[in-house]
Amino acid sequence: MNLSGARSLRARVTLLATGLVALVSLLLLWLTWNLVGDAVSAVPQLPPGTMVRVDGVEVDASAVTEHLRVYARNRVLLFGAVAFCFVVLAAGILAWTFTARVLQPLREITGTARRLSIESMGERIGEVRTKDELAELAETFDDMLDRLQAAFDAQRHFVANASHELRTPLAVIRTELDVTLADEHADEAELRRMAGVVRDATERAERLVGSLLLLARTDGAGLVAREPVDLAVIVASAWRAVRVEAEKRGIRTEFATPGAPTFGDPALLERIAGNLLENAVRHNVDGGWLDVVTQAGPQWSVLRVRSSGGLLDPAAVPELFEPFRRAGVARTARTGAGLGLSIVRAAVQAHGGTVFAEPVVGGGLSVTVHLPALP
């Protein structure tokens, strides 16, 4: 609502209030006019032919009665019309004045909304003088702005981090190409080395873009497919993808994975298990251990992945679910994109579940996922 809209509303409210007052005043005036006429007519009548003296003049009594009735009605009409004009005028002025006071918080809300932009999302309406529906509207508007500002801040942070992560492999590719092309005596071995570096950087960029697309799909979105899924089955499928890497690093594994049925998107559920197992292997220590458990319950099916690793600050563990955060690894590291747990959280929330992480005594991380059990 702009200023002209507020004025239009103010004018409509004033006209409506004035019209109602005018209608009621006309009704009262009409009732008064009829009551006065009836009251005069109810005066006892003198016998026909009776003469009365008025200002020294003999006048028929019936003519005097009719004259009084007309005179009383005319006086009521005259003074009633004057009072009607004053009442309607006063009602219009009061309605215009009080409407301005009532709509003042609405104008403040409108002014704040018009001044807002992405760069000035910090402005708020604050407390309003009235404690009515407009105050509730202002509070709701401020709450909405808080949520929008948090979303914009998260978006800017995410874009900045994503740009940084994508710039790293692109810089590697460009550097390798520039160095190799500048070497006029580069042989086949040098070219193959450069191609290998470029391929690795390209694969890293591809994995990052794929993770970003998956996170965009799962974060705040609904499920594409819903069908019964056994957590034990998707754990087995996800483990096959990282088993070779775990064996090369000498990681000891222990699986306790009885059937744990849930309901949801099989692809996303497998990505949950896959990301947890990939993180548990890649952020583990050589010769470490890995423990995977699934449990079935009446309301929740549980997937828990515990692994050894570096020491973690308990206060920093919740931040691992934010994009581009890695457990004990610098953000510019070449392994992983820092989106694994972000995707896990988004996918779990899309299924109506919860995810919780805590450090392991002696070093490592334990992540527990609760998903709705199959009805």
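Modeller: What follows is a close look at the marked stretches, and then at some other places for comparison.

Please keep in mind that this is a predicted model. The UniProt record, an unreviewed entry, places the feature "transmembrane region" at residues 12–33 and 76–98. In the model, residues 12–33 are 100% helix and 0% strand, with the end C-alpha atoms lying 31 Å apart. Residues 76–98 are likewise 100% helix and 0% strand, and there the end C-alpha atoms are 31 Å apart.

Leucine 31 belongs to helix α1, which covers residues 3–41. With a relative accessible area of 37%, leucine 31 is partly exposed, because that label is used between the limits of 20% for buried and 50% for exposed. Leucine 31 also takes part in a nonpolar surface patch of about 620 Å², whose other members are Val24, Leu27, Leu28, Trp30 and Leu35.

Although threonine 32 and leucine 77 are 45 residues apart along the chain, their C-alpha atoms are separated by 8.9 Å.

Now to the other places, beginning with a charged one. Glutamate 139 sits in helix α3, residues 133–182, and is exposed, with a relative accessible area of 51%. On the surface, Glu139 gathers with Glu133, Glu136 and Asp143 in a patch of negative charge.

Helix α7, residues 340–350, is mostly covered, since 9 of its 11 residues are buried; among them are Leu341, Ile343, Val344 and Val348, together with Gly340 and Ser342. Just after α7, glycine 352 takes a positive phi of about 80 degrees.

Another glycine, glycine 363, lies in the loop between β8 (354–359) and β9 (365–372). Its relative accessibility is 6%, so glycine 363 counts as buried. Between glycine 363 and serine 307 the C-alpha to C-alpha distance is 8.5 Å, while the two are 56 residues apart in sequence.

Note on methods: Residues numbered from 1 in each chain as written. Predicted model: local features only at pLDDT ≥ 70, side-chain atom pairs only at ≥ 80, totals over all residues. Heavy atoms only, no water. Patch = residues over 30% accessible without salt bridge, like charges linked within 9 Å, V, L, I, M, F, W, Y side chains within 5 Å. Areas by Shrake-Rupley, 256 points an atom, 1.4 Å probe, with all protein chains shown as cover. Salt bridge = Lys/Arg side-chain N within 4 Å of Asp/Glu carboxyl O. Lys, Arg positive; Asp, Glu negative; His and termini not counted. Charge placed at Lys NZ, Arg CZ, Asp CG, Glu CD. Helix = DSSP H or I, 4+ residues; strand = E, 2+ residues; numbered from the N terminus. Buried < 20%, exposed > 50% of the residue type's maximum accessible area, 1.4 Å probe, protein only. UniProt positions renumbered as here; feature names shortened; annotations may be inferred.
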